[in-house]
Amino acid sequence: MPNILTLLLATPGDSPALADGAAEALGAAAALGTPVAVVIGPAEALPQLAERAAALGAAEVLTAAVDRAQLGVPVVDAAAAAVARVSPEAVLVPHSIEGTDAAGRLAARLRAPLAVDAIGVERDEEGVLAHHSVYGGAYSVTSAATFGPLVVTLRLGSIDARAEAAPAQVSELQVEASGKPAAVVQSVEAVQQTSARPDLRSAKRVVSGGRGLGSKEQFVLVEQLADQLGAAVGASRAAVDAGYAEQAMQVGQTGTSVSPELYVALGISGAIQHRAGMQTAKTIIAIDKDAGAPIFEVADLGVVGDVFTIVPQLIAALEARKS
């Protein structure tokens, strides 16, 4: 079977872990061929990270220690060395901020084809195919490359497949620094920010609010329902522009694309730009007083009504169920 390389980056901080999307990337790789992981992070954390990659299904794990003070170049040096070693048919990378940066740089370095924000991959008789949701989700298309390796970024939450755990076959990757120019981090100022809510990009549940909430004060209703569901909080662009929510919460074509198991839209009309970022969710529930709102076109369950009447009742029911 052909090798499929997965690029797995460590999260920054005092307790590094594999970044979100590792299990999905390895699951997709296993469906295409032999999953080989290259784990890139701080030297002291690599043994634990490699063990985790094996537990997620990597048949072989290559480890590479990088200087995180330099941006971009050391990661690509390691990824390029991994490609040279295993000759993969494709390179799969989680579609995070760091992952997309690394994938784009790697494709440019290798003069390789790049498929961005794929929601699935498969194989035909000629090679690896990448599936995409495009034009605001209006079309599902398939891309292929005539040469390789094909570098693919996978939208977080879009891959259901998981690989079986494998015995750890770990080896250190020999990486020769390219010496290419790289931005350097000169100082870091830590900002303490605590939240019990999951990260929006990788959350399994998301509750989003739109302009129909009416004000920043009333947008708290979205947060209350999210907390009951253990969900991340999202917002439409209209809600962000109106000052109801922070820009980091924006879901849509110009915000974050999400593919959670559950997406709840409150007071969101469903403009095509918003639907582009959420309609690949497994289950979509929409509550809006306008029966003709476009959001109902993609909703699995639509409730026509006032969010200020329905949502408090829903929160009360969830609280009663927990108690």
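Let me start with Ser87, which is exposed, with a relative accessible area of 56%, where exposed means over 50%, buried means under 20% and partly exposed is in between, using a 1.4 Å probe and protein chains only. This is a predicted model, in which local features need pLDDT of at least 70 and side-chain atom pairs count only at pLDDT 80 or more, while totals for chains, interfaces and linings use all residues. Residues are numbered from 1 along each chain as its sequence is written, and side-chain values use heavy atoms, with hydrogens and water left out.

Ser87 sits in the loop between α3 and β4 (90–94), and here helices (H or I, at least four residues) and strands (E, at least two) are DSSP runs, numbered from the N terminus. Although Ser87 is not a glycine, its phi is positive, at about 50 degrees. Arg111 also has a positive phi without being glycine, near 55 degrees, and it lies in the loop between α4 (97–110) and β5 (114–118). Arg111 is exposed, with a relative accessible area of 68%.

Strand β1 (residues 3–9) runs parallel to β4 and is joined to it by three bridges, two strands being counted as a pair if DSSP finds at least two bridges between them. Within that pairing, Leu5 stands opposite Val91. β4 also runs parallel to β9, with five bridges joining them, and in β9 the bridge partner of Val93 is Thr153.

Now to the sheets. Three strands form an open antiparallel sheet in the order β6-β7-β8. Its edge strands are β6 (120–124) and β8 (139–144), each of which pairs on one side only. From one strand to the next the twist averages 30 degrees, with axes being lines fitted to C-alpha atoms, for helices over the stretch in contact, and angles running from 0 to 180 degrees between N-to-C directions. Five bridges hold the antiparallel pairing of β6 with strand β7 (residues 127–134), and Val121 has Ala130 as its bridge partner in β7.

A second open sheet has five strands in the order β12-β11-β13-β14-β15, with parallel pairing. β12 (232–235) and β15 (301–304) stand at its edges with a single partner strand each, so one side of each is left without a neighbour in the sheet. Here the twist averages 15 degrees from one strand to the next. Strand β11 (residues 205–209) pairs with strand β13 (residues 262–266) over five bridges in the parallel sense, and the bridge partner of Val206 in β13 is Tyr263. Helix α5 (residues 220–229) packs on this sheet, touching β11, β12 and β13, where contact means heavy atoms within 4.5 Å, and its direction makes about 170 degrees with that of β11. Helix α8 (residues 307–322) packs on the sheet as well, touching β13, β14 (283–288) and β15, and its direction makes about 130 degrees with that of β14.
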